[in-house]
Amino acid sequence: MDLLTLFLLALLMLVGLAQEEVPLLNLDEVELSGPMPRFLPTPTFYSVGVGQTAILQCAVVELDDKKVIWRRASDSNPLTVGCESFREDNRIMSEHEPDSDYWNLLIHKVKLSDAGVYECQVSSKLRHLRHHVLLQVHEREISTTAPRPSISLSGPDVLDKDNRLELSCNATGQDYPPDDLDWFKEGNKLTTSADEKLFIRKFVSLTDKTIFSTLEIRDAQLEDSGLYICRTSNLQVRSLHVTVLDTGTNNVKRGTHKGLSGGAACLFPQILTSITGILLLLMGIGGCDYG
């Protein structure tokens, strides 16, 4: 084999290697940070008597340098961030032992107004790094008799546009909680929406034989007005009509004139009377006779 043939064979081998596909690095598959934090199983329902201490549990692993934030689901402001409290209410604080996965929220001397949905959140933009729990607060005297089936629906019937609308529906069964609870608006069934405007949460208490559900609409608009209905699987029904108001319109109060302020409108009749009296005196009409 001559040198020309060897050169051509070597050239063909180099061309073949150049044409081989080189795997590209997919940045989406590269783990830029450490393991994703995740929640350990903890209770999602707590029932506490007035004056007692509520301990809402939240356990997170792979937290790394991120913070655990507690807040009420209906309020964007935090209650605690890590071990720091962000409310002047000294009844509420965070509980965490060193090297522990638990970041619990403590509420001392619980009040009826403390009832509601609480959120344990990891400081991240990911929506799924949130754990919700429901706190029920009851009077200390608890009846030992079996509860009768009942249902209640609470929430504002009027609110301003762009405010948060939150409705709560509780239904109790005779021997066990109702299997499910659904929400409707103007006859149409509601579900948690993909655009994250509408949130529906459900909690079940076997002890109280009750199913709890909350419906939340962030930044309520005029079209969110209407008749809301909660209905259980055993056909317990409650309804509430909600009206959303647009308070941005400036209305003129009745009984006022646009051209006169309130003070000028009151003084105008007195000024007119004084001028009339002076004219009558100059003309010699009316008044007292001093002659």
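**Reading the disulfides and their surroundings**

Tutor: Start with two cysteines. Cys-58 is buried, and Cys-120 is buried too. Keep in mind that this is a predicted model.

Student: How do I read "buried"?

Tutor: Look at the relative accessible area. Buried means under 20%. Both Cys-58 and Cys-120 fall in that class.

Student: Which residue does a disulfide join to Cys-58?

Tutor: Check the distance between the sulfur atoms. A pair counts as a disulfide within 2.5 Å. Cys-58 and Cys-120 are joined, with S to S at 2.0 Å.

Student: Is the link of Cys-58 and Cys-120 left-handed or right-handed?

Tutor: Read the angle about the S-S bond. Here it is -75 degrees, and the link is left-handed.

Student: Which parts does the pair tie together?

Tutor: Find each cysteine among the strands and loops. Cys-58 sits in the loop between β3 (54–56) and β4, while Cys-120 belongs to strand β10 (residues 116–122), so the bond ties together parts 62 residues apart in sequence.

Student: How many disulfides does the count come to?

Tutor: The count comes to two disulfides. Another bond joins Cys-169 to Cys-230, with S to S at 2.1 Å. Its torsion about the S-S bond is about 65 degrees, so this disulfide is right-handed. Cys-169 lies in strand β14 (residues 165–172) and Cys-230 in strand β19 (residues 226–232), so this pair ties together parts 61 residues apart in sequence. Cys-169 and Cys-230 are both buried.

Student: What pattern do the disulfides of the chain follow?

Tutor: Count the bonded cysteines along the chain. The pattern is 1-2, 3-4.

Student: Now strands. Which strand does β2 pair with?

Tutor: Side chains in a regular strand alternate between the two faces of the sheet. Now take β2. Strand β2 pairs with strand β11 (residues 130–138) in the parallel sense, over five bridges. Within this pairing, find Tyr-46. It stands opposite Leu-135 in β11.

Student: Is strand β2 mostly covered or mostly open?

Tutor: Strand β2 (residues 45–49) is mostly covered, with four of its five residues buried.

Student: Last one. Where is Lys-66 found?

Tutor: Lys-66 is in the loop between β4 (60–61) and β5 (68–72). Its relative accessible area is 26%, so it is partly exposed.

Student: Which residues does Lys-66 touch?

Tutor: Leave out residues up to four places away in sequence. Lys-66 then touches Pro-37, Val-122 and Ser-123. Look at Ser-123. Ser-123 and Lys-66 are 57 residues apart along the chain, yet their C-alpha atoms are separated by 5.9 Å.

Definitions and conventions
Residues are numbered from 1 along each chain as its sequence is written. This is a predicted model: local features need pLDDT of at least 70, side-chain atom pairs count only at pLDDT 80 or more; totals for chains, interfaces and linings use all residues. Side-chain values use heavy atoms; hydrogens and water are left out. Helices (H or I, at least four residues) and strands (E, at least two) are DSSP runs, numbered from the N terminus. Buried means under 20% relative accessible area, exposed over 50%, partly exposed in between (1.4 Å probe, protein chains only). Contact means heavy atoms within 4.5 Å. Two strands pair if DSSP finds at least two bridges between them.
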